[in-house]
Amino acid sequence: MREAATVPTPSLLTRRAVLARLGAVAAAVAAGCTPVRYALRLYPPAFDDDRDVRDQTLRAFVLAAVPSADPGDPHLTRAFDDRLFPFVRYRNFFAADLCGRADRLFGESRFDRLDRREQAKVIANGLAADGVTRRLYAGAVFLAQVSVLGGIYAPDGAVPPLGFEGTYQFRGLDAITYPDPGRFLAAARTTNGNPP
Amino acid sequence: MRTIDTDVLVVGSGFGAAAVARRLAEAGAAVTLVEKGPRVGPGDFRQTQDPRYITRYLKGVSGDHLHLTFAEALGGGSGFYEMVSLRAPSLAFDQVDGVGRRLWPATLNRQALDPWYDLAERELGVNQIPESEVPKSGLVFSLLLRQLGYSCERARYAVRNCLGSGFCITGCIYGAKQSLHLNYLPGAEAAGAIVECDREVVAVVPIRDVPPRDGPLGRVPHRYLVETRSRAGAAPVRYRARIVVLGGGTVGTAALLLRSRTHLPRLSPHVGRNLAVNGGVKVVGLLADGLPDGDMFAGRSHPGMISYEFLESHRLTLSAVKALPLQIVTAARLRLDGDDEHAWWGEDHAKLMARFRNRALAIASFGLTPPGGEVRLDRAGRVTVSLDPTPALQGHLRGARQLIEQILTRNRCRVLRADWIDRSGVPHEGTFLSTAHQTGTARMADRREDGVTDPAGEVFGYPGLFVSDGAAIPTSLAVNTSLTILANAERIAAAILARHGLAHRELVA
């Protein structure tokens with residue numbers, strides 16, 4: 001059995017170095033140019049070597065960012081592995097940064113071991129950091145929302161947290177409208193709906 | 001490279017292209033229609049939020065202060081639009097430029113377009129939504145206006161036997177929405193038009209000194225070479241055409257003309273400029289206690305109601321907005337005004353979103369905003385867009401927002417804070433508009449000094465080269481643009497036929 005209980009904390013210096021490099025080439029981040037990819041390797045190797053730690057970190061992150069997500073959803077962190085989204089390149093670095101902040105704020109180097117309130121504070125801390133980090137955290141929250149609340153991996157497109165059933169269920173007009181539309185309709189200016 | 005002769009080469013297959021292809025084919029011309037996107041139809045559509053499916057057909061381009069969405073697929077936007085089919089208000093045709101000159105050609109106004117609107121509506125089966133089918137969100141929107149003494153109309157749609165599945169924008173799998181796949185395109189093919197998909201036009205090149213030859217269009221020479229490349233691995237093909245009709249959309253047509261400029265030196269400098277976008281705002285409110293539930297997800301994609309109450313006073317129309325969940329989360333960070341700045345995620349956001357389906361109401365404005373945008377090519381030949389956020393435009397948007405917020409708050413609704421975001425989830429700063437209602441980049445005008453084509457859609461200086469899509473429409477319309485583009489394309493087709501002594505089958509009938 002592997003020992004992966006404790007993740008080495010990224011040193012502040014290293015993190016700063018990473019962010020400095022990121023800041024210098026921020027304009028190229030979207031294009032994923034080589035210097036950025038190189039810079040993003042400057043984080044603890046645990047997140048490359050131990051996929052379980054990374055996945056548990058990201059899983060905890062998604063549940064903290066989108067608390068209405070179903071913990072049993074098999075697609076909970078799939079967006080972070082999906083090459084459709086550029087974030088996949090920053091996934092390991094992001095997971096490492098979550099743990100680094102968890103350690104600095106709460107003395108716990110595993111983000112997923114914090115309680116939900118503490119996890120939220122870690123995320124808020126990232127969102128209040130320098131510009132590049134803020135953008136990284138905003139992108140991660142956005143991706144979590146797209147994944148969970150956008151229903152992009154649900155086979156039927158359903159989004160239970162929003163009460164969206166996904167593909168049409170043939171419930172008829174009663175489910176679409178009210179039986180007494182006259183109660184709602186304002187006076188019409190036109191005879192056929194076209195503007196004058 | 002293989003060269004194929006055709007009487008008419010139509011670029012694109014959307015509202016601006018399909019009508020011209022059909023009418024000219026029906027009149028006996030050899031018509032080839034070239035579509036950049038894939039062949040798709042009701043049998044291929046899906047009810048899904050899978051971004052891989054959506055981005056296969058819907059494309060976007062972002063730039064300074066502006067994002068434009070457009071379709072690349074057979075049928076153009078008709079497969080993926082909300083099927084709202086409204087005539088442009090008379091006021092739209094009376095818009096003027098900075099020195100008071102009318103932006104539309106002198107002969108074009110609502111009255112002149114009405115016969116073509118009639119024809120387009122017949123072909124698409126456009127009808128006003130019955131009272132009994134108006135979605136709940138539309139009814140609640142109407143109620144808010146009614147309680148303030150304002151008017152509101154049931155909107156008009158190109159649909160037959162609508163089930164209200166709510167997936168109009170991913171393509172109607174039931175064939176209820178009257179996309180061009182069900183009328184104009186099969187009509188064109190039945191009349192002999194050849195439809196080539198996955199084929200992109202890369203340049204339009206005039207041919208000099210070609211002697212006239214007899215054909216269905218009379219003694220007209222082959223005047224243009226149209227170079228294409230396959231996007232599906234087939235060989236490039238060059239078409240030699242007597243008439244070329246550009247109908248690849250406001251962005252696509254501008255880009256093609258700009259790429260062809262070295263071959264078309266007499267093109268107006270207006271190509272790509274004068275982009276109009278129906279500038280507007282969206283405001284989301286939380287319904288007051290006591291108001292009936294709306295429903296963000298039930299019923300057709302467009303919630304059925306539109307108000308013309310503020311056309312004269314504010315130069316805009318208002319309508320409610322529905323959206324699929326993916327559209328909601330990719331559009332804006334939402335939180336209650338006054339809540340913590342982080343309330344766009346986490347527990348507070350979850351609570352808000354749990355109420356969103358039934359208690360949120362989104363209202364949008366479409367304005368008669370000036371044509372202040374531009375489509376350009378960068379050094380690598382890629383399309384870029386931009387919008388000039390003039391004080392006048394910002395004033396219009398501010399007024400629209402205040403108006404909608406007043407409608408909500410006077411009905412005791414709470415206004416939600418919506419920070420509109422880019423593709424990476426980061427809020428836009430300053431003025432930023434996102435639309436699929438772009439027009440004007442090769443606008444019609446009475447003189448070359450004012451536009452790209454004459455009132456019949458023929459490019460100034462290039463006989464036989466026409467623009468028939470949204471690019472030709474000179475202004476914002478304050479309503480969805482599809483029906484006006486289609487009506488204008490019908491008019492342009494009739495003008496081409498008349499010039500060549502050919503009969504328009506529908507008009508003869």
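**Reading the labels**

User: Which strands does helix H11 of chain B lie across?

Analyst: Helix H11 (residues 391-410) of chain B lies across S12, S14, S16 and strand S19 (414-420), at about 150 degrees to S16(B). Helices (H or I, at least four residues) and strands (E, at least two) are DSSP runs numbered from the N terminus. Axes are lines fitted to C-alpha atoms, for helices over the stretch in contact, with angles from 0 to 180 degrees between N-to-C directions. Helix H10 (residues 346-359) of chain B lies across strand S12 (282-286), S15 and S16, and runs at about 95 degrees to S15(B).

User: How far can I trust this, and how are things numbered?

Analyst: It's a predicted model, where local features need pLDDT of at least 70 and side-chain atom pairs 80 or more, while totals for chains, interfaces and linings use all residues. Residues count from 1 along each chain as its sequence is written, and chains are lettered from A and ligands numbered from 1 in the order written. For chain B the mean pLDDT (the predictor's confidence in each residue, 0 to 100) is 96, and 100% of its residues reach 70 or more. The predictor gives the complex an ipTM of 0.94 and a pTM of 0.93.

User: What makes S6 and S15 of chain B edge strands?

Analyst: The open sheet of chain B has 7 strands in the order S6-S13-S14-S16-S12-S19-S15, with antiparallel pairing. Strand S6 (153-154) and strand S15 (332-336) each pair on one side only. Pairing takes at least two DSSP bridges; S14 (residues 316-321) and S16 (residues 360-367) of chain B have 6. B:Leu316, for one, bridges to B:Gly367 in S16(B).

User: Why is H5(A) called roughly perpendicular to H6(A)?

Analyst: Helix H5 (residues 51-65) and helix H6 (residues 91-106) of chain A have axes that come within 9 Å and cross at roughly 75 degrees. Roughly perpendicular means 65 to 115 degrees (under 35 is roughly parallel, over 145 roughly antiparallel, the rest oblique), so H5(A) is roughly perpendicular to H6(A). Among the residues that meet are A:Phe61 in H5(A) and A:Leu98 in H6(A).

User: How do you know which residues of chain B are in contact with chain A?

Analyst: Contact means C-beta atoms, placed from the backbone, within 7 Å. By that test, 58 residues of chain B are in contact with 46 residues of chain A. H2 (51-57), H5 (136-147), S6, H9 (325-331) and H10 of chain B each supply at least two residues of that side of chain B.

Notes: Contact = placed C-beta atoms within 7 Å.
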